[in-house]
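The tour below moves from one selection to the next and says what is found at each stop.

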Amino acid sequence: MAGLRKRRRVRLIVAGLVLLAAAAALVGYAMRDGIEFFRSPSQVVEAPPPPGERFRLGGLVEEGSVVRGQGETVSFRITDGANSIAVTHVGVLPDLFAEGQGVIVTGHLRAGVFEATEVLAKHDEKYMPREVADALKEQGVYRGD
Amino acid sequence: MRPALALLLRDLRLALRAGGGAGLGLAFFLTCVLLMPLGIGPDLAMLSRIAPGLLWVAALLAALLSLDRLFQADLEDGTLEVLAVSALPLEAVAAVKALAHWLTTGLPLVLAAPVLGLTLGLPAQAQPWLVASLAAGTPALSFIGAVGAGLTVGVRRGGLLLSVMVLPLYLPSLIFGARTVALAAQELDPARAFLLLGAITVLSLGIGPFAAAAALRINLR
Amino acid sequence: MSLWEFANPARFMRISGAALPWVAGLAAVILPAGLAWGFFLTPDDYRQGSTVKIIFVHVPAAMMAINIYGMIVVASLIWLIRRHHVSALAARAAAPIGATMTVIALLTGALWGQPMWGTAWAWDPRLTSFFILFLFYVGYIALWAAIEDPDKAADLTSVLAMVGSVFAVLSRYAVNFWSQGLHQGATLSIDRDQNIDPVFWLPLLACIAGFFLLFLALLLVGTRTEIRARRARALQLAMAG
């Protein structure tokens, strides 16, 4: 009885290990071409999404592109250096939203303009005193706000 | 395999005849889904947007419902001790009981889901993915739940404790399951979320029986 | 002397009793000093103003919250393999501290997020992960509290910690899949360029050391209390029987 139980348990352990390996293989297969959280303007220009598809667009807010004062609508361009896409958004922008800063918007393209329903500003992981930032900006090393 | 099959049939019969555990899980699922439009309002556009998450959360709660009795009745009347010294290893006992739990609570949800998806205005292209995601995802709920049931089998009125412990373990399945349906509803490609959902289930099938058996052994000591 | 000799409860009581005043004293000096340094003697950040100062509480608390969960998993493993009671009781004593650290990290994060992101709470992967981490702590503590027999409770909570750690890691990645983050990347890392000016970094380091010492002191007190409670229980049983 006990011997039979032991033999069966060994078989179960082998089955368990096979399942773990299968799970790892599934994850590997699912992740084979990396995760894409948002698309860059260049990706969108190269492979335009079908009209009406909702997706996330990420990049830097182009310097000098922010236009306010059309009611609640704000428009700006998101760039990745190579390409840029015009974005409009109705509503309030977060505090950290600024030209030259990273931003991720959710929405869809309509006639070449990205209509964003949501704007997320990303804070970078840098902390430095205000004076240092001013000094860096004077030297033209740092191009933050 | 014959003793495992005998145990499975016994558990299924008990679930179907005594106390109606099988039907109640489904009834709970239906009630849960019905409550949402009543609470939120009959706006079908909004309901169709939240339908994937709603159906998956309801499935999670329905799976929890009958979990605390998974091993408890057998511990109380001594059946579990007999099973522990039988020719069937305790890991197999745990796996068979988890399977019986899925057949009586998970499978009915899979079959009922398309109707509920329809009433919530889920887009047609998402319907097959809803069924597929529940079919691939709910076994994990039973097998992870078996671990929680094994851990709390000796605790009187362990149902609430069981929910608090097990629900966090369900989160990966919930995320990938609801995501699969939501992506399909937005006409995006749900394949990756679906594969990851399957990976979680396969992992749970691999880990669950062993952890549950370890917990049962500790509780039988 | 091997590390395992600490696992003898009598020896642990002796050594920890001698070490406790020093650890607690050091924590009582370094933590307030680090916080005072951070709050009053550092300049304002170039974009965040004085709100930046919350990192001196937020970052150490968040680091402790994660590492304490890791410590519980390791201590549970040691208990399952080597049956050292001190290990199991240290895991039990660590859990409420870890849960408190998680709450501190969430609250200070909310205080920082309110002016900086414009929202106290966002369903961001990192925030959500911490919320989930808190739920894991609650489940673990609840299981300890529910089972009377201490050895059985140690065994069962260890099984939960093992299984939980697998699913905690899975949740971490699942949550990343679920939403794109608002939270900045990690500032402190060993292998990448330094992202933080030494003016902030040094007091932050002092605060991290202070939080760690505080945790160590609380852990020693908690573990000693658990050992005494077990002794009292054993005496009670002996007298009753």
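Predicted model: local features only at pLDDT ≥ 70, side-chain atom pairs only at ≥ 80, totals over all residues.

Most residues other than glycine have a negative phi. C:R83 counts as partly exposed because it has 13 C-beta neighbours inside 10 Å; a residue is buried if 20 or more other C-beta atoms lie within 10 Å of its own, exposed if 12 or fewer, and partly exposed in between, with C-beta atoms placed from the backbone.

**Chain C as a whole**

Now select chain C, which has 6 helices and 0 strands and follows the pattern α-α-α-α-α-α along the sequence. Of its 241 residues, 43% are buried. Among contacts in chain C with a separation of 6 or more, 78% are between residues 24 or more positions apart, two residues being in contact if their C-beta atoms, placed from the backbone, lie within 7 Å.

Next, show helix 1 (residues 9-40) and helix 6 (residues 198-240) of chain C, which pack at an angle of about 150° with their axes 7 Å apart; axes are lines fitted to C-alpha atoms, for helices over the stretch in contact, and angles run from 0 to 180 degrees between N-to-C directions. Helix 1 and helix 6 of chain C are therefore roughly antiparallel to each other, a term for angles over 145 degrees. Helix 1 of chain C passes helix 6 of chain C in a left-handed crossing, meaning that the near helix is turned anticlockwise from the far one by less than a right angle. The residues of this contact divide into 26 nonpolar, 4 polar and 1 charged, where Ala, Val, Leu, Ile, Met, Phe, Trp, Tyr, Cys and Pro count as nonpolar, Asp, Glu, Lys and Arg as charged, and the others, Gly among them, as polar.

Move to C:T128, whose place is in helix 4 of chain C. With 23 C-beta neighbours inside 10 Å, C:T128 counts as buried, and, leaving aside neighbours within four places in sequence, C:T128 is in contact with C:W123 and C:V175.

**Where chain C meets chain B**

Select both chains at their contact, which takes 24 residues from chain C and 22 residues from chain B. On the side of chain C, the elements that give two or more residues are helix 4 (125-146) and helix 5 (150-178), and helix 5 of chain C supplies the largest share, 15 residues. That side of chain C divides into 19 nonpolar, 3 polar and 2 charged residues.

**Chain B and the cores**

Show helix 8 (residues 159-185) and helix 9 (residues 191-220) of chain B, which pack at an angle of about 155° with their axes 8 Å apart. These two helices of chain B are therefore roughly antiparallel to each other, and helix 8 of chain B passes helix 9 of chain B in a left-handed crossing.

Which residues have the most contacts inside the largest nonpolar core? They are B:L55, B:A59 and B:A215, in a core of 152 residues; such a core is a set of buried Ala, Val, Leu, Ile, Met, Phe, Trp, Tyr and Cys residues joined through C-beta atoms within 7 Å. Helix 9 of chain B gives the most to this core, with 18 residues. Centre on B:A215, which touches B:V147, B:G150, B:L151, C:L156 and C:V159, not counting residues up to four places away in sequence. Apart from this core lies another, of 17 residues, among them A:V61, A:I78, A:V87 and A:V119.

**Chain A**

Finish with chain A, whose secondary structure comes to 3 helices and 6 strands, running α-α-β-β-β-β-β-β-α from the N terminus on. Of the 145 residues of chain A, 20% count as buried.

Conventions: Residues numbered from 1 in each chain as written. Chains lettered and ligands numbered in written order. Helix = DSSP H or I, 4+ residues; strand = E, 2+ residues; numbered from the N terminus. Parallel < 35°, antiparallel > 145°, perpendicular 65-115°, else oblique.
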